Amino acid sequence: KADVVTIGESMVLFQPSPEGTIPYAPQFTSSIGGAESNLAFALSRLGKKVRWISALGTDPFGDLIMTRLMGEGVDVSQVIRDEAAPTAVFFKESKGYGDPNVYYYRRGSAASRLSPEHIRNEWFDGARHLHVTGITPALGESTAEMVKQAMKQAKEQGLTVSLDPNIRRKLWEEEEAREVILSLIPLCDLFLPGEEEAAFLLGEKNSWSDYAKEFQDMGPSIVVMKRGEDGASVKYGENTREEAGFPVKYVVDTVGAGDAFAAGILSVLLEEEQPFQLSSLEKSVPKAMRRAVVMGALATQFKGDWEGSPTLAELESFSGESQHITR
Ligand code: KDG
């Protein structure tokens, strides 16, 4: 059984230690990153059952990713191990100002060879919801086909679907990115663009509700636009709502914040039996949006992509819902 299935590449992540630029790094720490596994970790810490699916090499990097996910209670039973291709790695370098620089070594990786033929009914058996991002279709034509098919099949098997465009310009050409992501929107129930991504996909518009309406007309019943420190806006049915940002003193690392945001919103929406029906959304959206902005803000407080993700008890205490005793 799984509350959420998520499909997408994880990579081993190397970062200079002590923090600094790559050419002068005496040593590197190793961890793992990947938008979908970031979401899996965050949801698992919030008490949800998550199945993460991707392909990994049979190398030690693949083993490292498997053990990290298993250690956090994520179901990895459907992960493919490909003897003929490596696990991807990436490097993140932070200069202490602005967003970190990311360098990918993922071309030809095991996950980039995923194709529709890999999809199994077992991927979605006993599950309620599928979450995918625009990173997977950026890895190649076969992965783009795979994501589209997976979204369709998940719907056929009764799952609801969310899509975070997660546009990574280092991975593909703008025109292609726009076309492919627009083609996936009709297949999702929840669409989660950032402000710049919405403008990238539709061109500049006058107001948030113009973007939301146009996305909604393509299919999703709820559209949430992330505005970084300014919070987020949501539209479902004819309802709109603004959620203020959750203030933080100091941003350490913005990578992974969008994934934590998505985990926050899903963890609340999925408390409803029919999460994307208007009556359910009317009930759950205020709490879901609040939790999403808190999760996103907290994720900026840590250097790793997901390690700082809170447990449900920590989160509830932090947002004043209950008291968590720390010492
Ligand atoms: O959303 C965070 C991800 O971008 C990061 O963990 C690495 O998946 C990754 C990517 O492709 O950039």
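In this predicted model, the buried residues of helix H2 are Phe 61, Gly 62, Ile 65 and Leu 69. These residues lie on the same side of H2, because the arc they cover around the axis is only 105°. The opposite picture holds on the face of H2 turned away from that buried side, where the exposed residues Pro 60, Thr 67 and Gly 71 are carried. Burial here rests on a count of neighbours, a residue being called buried if 20 or more other C-beta atoms lie within 10 Å of its own, and exposed if 12 or fewer do.

The helix itself runs over residues 60–71, which makes 12 residues, and from its first C-alpha to its last it reaches 16 Å, close to the 16 Å expected at 1.5 Å a residue. After H2 comes Gly 73, a residue whose phi is positive, near 80°.

Taken along the principal axes, the box filled by the C-alpha atoms of the protein chain is roughly 50 × 50 × 40 Å.

Of the 327 residues in the protein chain, 46% are buried, and among its contacts with a separation of 6 or more, 72% are accounted for by residues 24 or more positions apart.

Technical notes. Residues are numbered from 1 along each chain as its sequence is written. This is a predicted model: local features need pLDDT of at least 70, side-chain atom pairs count only at pLDDT 80 or more; totals for chains, interfaces and linings use all residues. Helices (H or I, at least four residues) and strands (E, at least two) are DSSP runs, numbered from the N terminus. The expected span of a helix is 1.5 Å times one less than its number of residues. The arc is that of the directions from the helix axis to the C-beta atoms. Two residues are in contact if their C-beta atoms, placed from the backbone, lie within 7 Å.
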